[in-house]
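Subject: Handing over the structure, with notes

Hello,

I am passing this structure on to you, and I would be glad if you could read the notes below with the model open beside them.

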Amino acid sequence: MIQFIRKPNYTIPLRYHIIFWLSYFTFNVIRWGSYFNDFWYSFKSNLVEFSLHILLTYFVIYYLIPKFLFNKKFPLFLFYLVLSLAVLYIIRTGLNYFLITKNIWPEAEGIQKAFSFNHIVAVIIGELYVVALATAIKLMHDWVQDRNRVEKLQQVQLETELKFLKSQIQPHFFFNTLNNLYALTFEKSEKAPDVVLKLSEIMEYVLYEVKEPRIRLYNEIKNIQNYIDLEKLRYGDRVTTDINISGDIENCYVPPLLFLPYIENCFKHGTRDNRNLKITIDFDRTSEDNLQFTVKNNFNQFSNSVKKHGIGNANVKRRLDLLYKDNYNLQIDVVKSIYKVVLNIPVEEKLKNV
């Protein structure tokens, strides 16, 4: 079943209308001038006919189709189209007869009379051909413009959702950090000032640097290190970490705050039951356009807490889907008492002065 849906009426610049009609008019003048071997006659007859072509075409495209066809008023559309063709036939035949030639159909054999069945059919078919050609061009133009509009809307929606997901991470992160600071101040720990200093560095990073869609991997690792330092101030010797970097990351750019939720999970689940926590983090530039992020931590495999990841993992997974679609690989494995995340993503490389 054909569904006619009202579309936005995209305007074609006037110069393209002029170019189309002039080109079509010139083609017809040359075509029929060669056919009759009379270019002056061809010019005059086409001048009359093309004036009517243009009127009928714009009447159909900009009035009949939007008002009746898109609103599924098919009988009315057909009625006014037939009426328009009838009026146009009378006007065209009369103008040709009184202004151009008494032989109103010179391309036919013999002298033809107006209002004969064959002449009516020939004129109507010719008019419908012109209308159909112009309508096809207009609909194709509108389809291309509509597709571009949809793509832009999808891009805006994508950017909006990514901003929302990123904004989810920031309050979640600061909530955890403030909880750590509260615990230290409650204990009147001398580490509290250091926490405030580290927290201010992280806040500066989040407020000013992560507004961009891509940031330097070096800055992201530095932020992760600051976060780890905060957690170490809280847990002390119970936590040991090892960050390894291989490959050239100097000009490597990644989405901001993409890896941090997995680091947060290490502390969230690995420090339960007063266990000592060991975290290993690897950033490996495996090729010119690929980065592998790996993080491993030990945890109590008999604790149900590992199943409760909060918004972190789901948030990152959604961001990955939006950013890379199928062009990434994420593996999360639990082997014995080791929780392991391996993420492969494409990376962008920019010059230092960009």
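Predicted model: local features only at pLDDT ≥ 70, side-chain atom pairs only at ≥ 80, totals over all residues.

Residues are numbered from 1 along each chain as its sequence is written, and side-chain values use heavy atoms, with hydrogens and water left out.

The whole chain

The protein chain has 8 helices and 8 strands, where helices (H or I, at least four residues) and strands (E, at least two) are DSSP runs numbered from the N terminus. Of its 354 residues, 40% are buried; buried means under 20% relative accessible area, exposed means over 50%, and partly exposed lies in between, with a 1.4 Å probe and protein chains only. Among the contacts with a separation of 6 or more, 73% are between residues 24 or more positions apart, a contact being heavy atoms within 4.5 Å.

The mean pLDDT, which is the predictor's confidence in each residue from 0 to 100, is 81 for the protein chain, and 83% of the residues reach 70 or more. Some caution is needed over residues 1-5, where pLDDT stays under 50 and the model has 6 contacts beyond four places in sequence. Residues 305-311 also have a pLDDT below 50, and this stretch has 14 contacts beyond near neighbours in sequence.

Strands

Strand β7 (residues 338-346) runs antiparallel to strand β5 (residues 290-298), to which 9 bridges join it; two strands pair if DSSP finds at least two bridges between them. Within this pair, Phe293 has Leu343 of β7 as its bridge partner. Strand β6 (residues 329-335) is also antiparallel to β7, with 7 bridges, and here Gln331 stands opposite Val342. The strands β6 and β7 form a hairpin with 2 residues between them, and Lys336 in the turn has a positive phi of about 55°.

Surface

The accessible surface of the protein chain is about 21,100 Å², and 60% of this belongs to carbon and sulfur atoms; such areas come from the Shrake-Rupley method with a 1.4 Å probe, and for residues only the protein chains shown count as cover. A nonpolar surface patch of about 930 Å² includes Leu76, Phe79, Tyr80 and Leu99. Patches are made of residues with over 30% relative accessible area and no salt bridge, with like charges joined within 9 Å and nonpolar side chains (Val, Leu, Ile, Met, Phe, Trp, Tyr) within 5 Å. Leu99 belongs to helix α3 (residues 74-100) and is exposed, with a relative accessible area of 56%.

Salt bridges

The count comes to 8 salt bridges, a salt bridge being a side-chain nitrogen of Lys or Arg within 4 Å of a carboxyl oxygen of Asp or Glu. In one of them, Glu49 meets Arg92 at 3.2 Å, N to O. This pair links distant parts of the chain, since Glu49 is in helix α2 (residues 39-69) and Arg92 in helix α3, 43 residues apart. Glu49 is buried at 14% relative accessible area, and Arg92 is buried at 13%.

Arg214 forms a salt bridge with Glu348, their closest N and O atoms being 3.5 Å apart. Arg214 is buried, with a relative accessible area of 16%, whereas Glu348 is partly exposed at 36%.

Best wishes
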